[in-house]
Amino acid sequence: MFRRASSLLARSHFSARTRSFSADLPAASSTDDAFVAAWKKMIPNIDPPKTPLSFMSPRPATPSSIPSKLTVNFVLPYASELSAKEVDMVIIPATTGQMGVLPGHVATIAELKPGVLSVHEGNDTKKYFVSSGFAFIHGNSYADIIAVEAVPVEQIDTSQVQKGLAEFTQKLNSASTDLEKAEAQIGIDVHSALNAAITG
Amino acid sequence: MASNAAVPFWRAAGMTYITYSNICANLVRNCLKDPYKTEVLSREKVHFSISKWADGKPQKPIIRSDNPEA
């Protein structure tokens, strides 16, 4: 009896040590088993109702070895630019600087600044100009990028950018309140980023 | 609790993130080449009619529109 107790104790100690971190939690089960069991007992001839969760594919588990591709979801309010697309690398314009994301990147949330988002796929590079947004990089080599407005870089009009840059530089000099100054500063930042995107 | 960490300049000026990101998005939209520019600007147009209720009856509706002709 005592021998069994010690083995139980040892086992619980072991399982406590190998408990995974909260970030590696498995995806929640889409059905409530107790509810389904109760439903089947009451109404055996009708299937239990489906909830939105049962239509969503569960979050893939973090693979033990780093996958060769990064899966990217790039979403805008009016369109889904990239949906679960497998690419080699994305370069994200984060507020802290350009951020290259490869498969196996550590889980991060980054705020985006106006700048170029480049998606590398083999020898192809697709460049988008994003206005602002957020990027969520998950431990399982998935990246979700959310932007308010994103356009392919080749659709930017150089003359409009030069005009805007001049206009906002002049506005910053004539601005009196903090709010006006901030608005002019945003204008300069966005137009400089646009200028850098078409020249660089 | 307000954070003491450094805030972006637009936040210090009293702007919210929504205001900031909408300004950024609008500036980007205005810098596009022509066929795309009209397309994205028309997508952002808002058109609705609103009427207030008084004494259990709707009053004359007011039309709020970004299209000048409507």
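Mentor: Let's start with a term we'll need: two residues are in contact, or touch, if their C-beta atoms, placed from the backbone, lie within 7 Å. Keep in mind too that this is a predicted model.

With that in hand, take A:Ala143. Leaving out residues up to four places away in sequence, A:Ala143 touches A:Leu70, A:Val72, A:Val90, A:Val101, A:Ala135 and A:Ile137.

Chain A is divided into domain 1, covering 70-153, and domain 2, covering 156-199. Their C-alpha centres are 25 Å apart. Where they meet, 6 residues of domain 1 of chain A are in contact with 7 residues of domain 2 of chain A. On the domain 1 side of that meeting, 5 residues are nonpolar and 1 is polar, with no charged residues.

Stepping back to chain A as a whole, you'll find 5 helices and 10 strands. Of its 200 residues, 22% are buried. If you take the contacts in chain A between residues at least 6 apart in sequence, 51% of them join residues at least 24 apart.

Two spots in the backbone of chain A are worth a look. Most residues other than glycine have a negative phi. A:Ser141, however, has a phi near 60 degrees, a positive value in a residue other than glycine. You'll find A:Ser141 in the loop between β8 (133-137) and β9 (142-147) of chain A. Is A:Ser141 buried or exposed? Count the other C-beta atoms within 10 Å: there are 22, and 20 or more is what it takes, so A:Ser141 is buried. The other spot is A:Ala84, with a phi near 50 degrees, again positive in a residue other than glycine. A:Ala84 is part of strand β2 (residues 80-87) of chain A. Here the count of C-beta neighbours inside 10 Å is 10, and the cut-off for exposed is 12 or fewer, so A:Ala84 counts as exposed.

Chain A also has a partner, chain B. Between the two, 19 residues of chain B are in contact with 25 residues of chain A. On the side of chain B that touches chain A, α1 (9-12), α2 (17-30) and α3 (34-43) of chain B each supply at least two residues. The largest share comes from α2(B), with 9 residues. By class, that side of chain B has 13 nonpolar, 3 polar and 3 charged residues.

Last, a word on confidence. Chain B has a mean pLDDT of 84, with 89% of its residues at 70 or more. Among the elements of chain B, α2(B) has the highest mean pLDDT, 92, while strand β4 (residues 62-65) of chain B has the lowest, 85. For the complex, the predictor gives an ipTM of 0.71 and a pTM of 0.72.

Conventions: Residues are numbered from 1 along each chain as its sequence is written. Chains are lettered from A and ligands numbered from 1 in the order in which they are written. This is a predicted model: local features need pLDDT of at least 70, side-chain atom pairs count only at pLDDT 80 or more; totals for chains, interfaces and linings use all residues. Helices (H or I, at least four residues) and strands (E, at least two) are DSSP runs, numbered from the N terminus. Ala, Val, Leu, Ile, Met, Phe, Trp, Tyr, Cys and Pro count as nonpolar, Asp, Glu, Lys and Arg as charged, and the others, Gly among them, as polar. Domain bounds come from an automatic or database domain assignment. pLDDT is the predictor's confidence in each residue, from 0 to 100.
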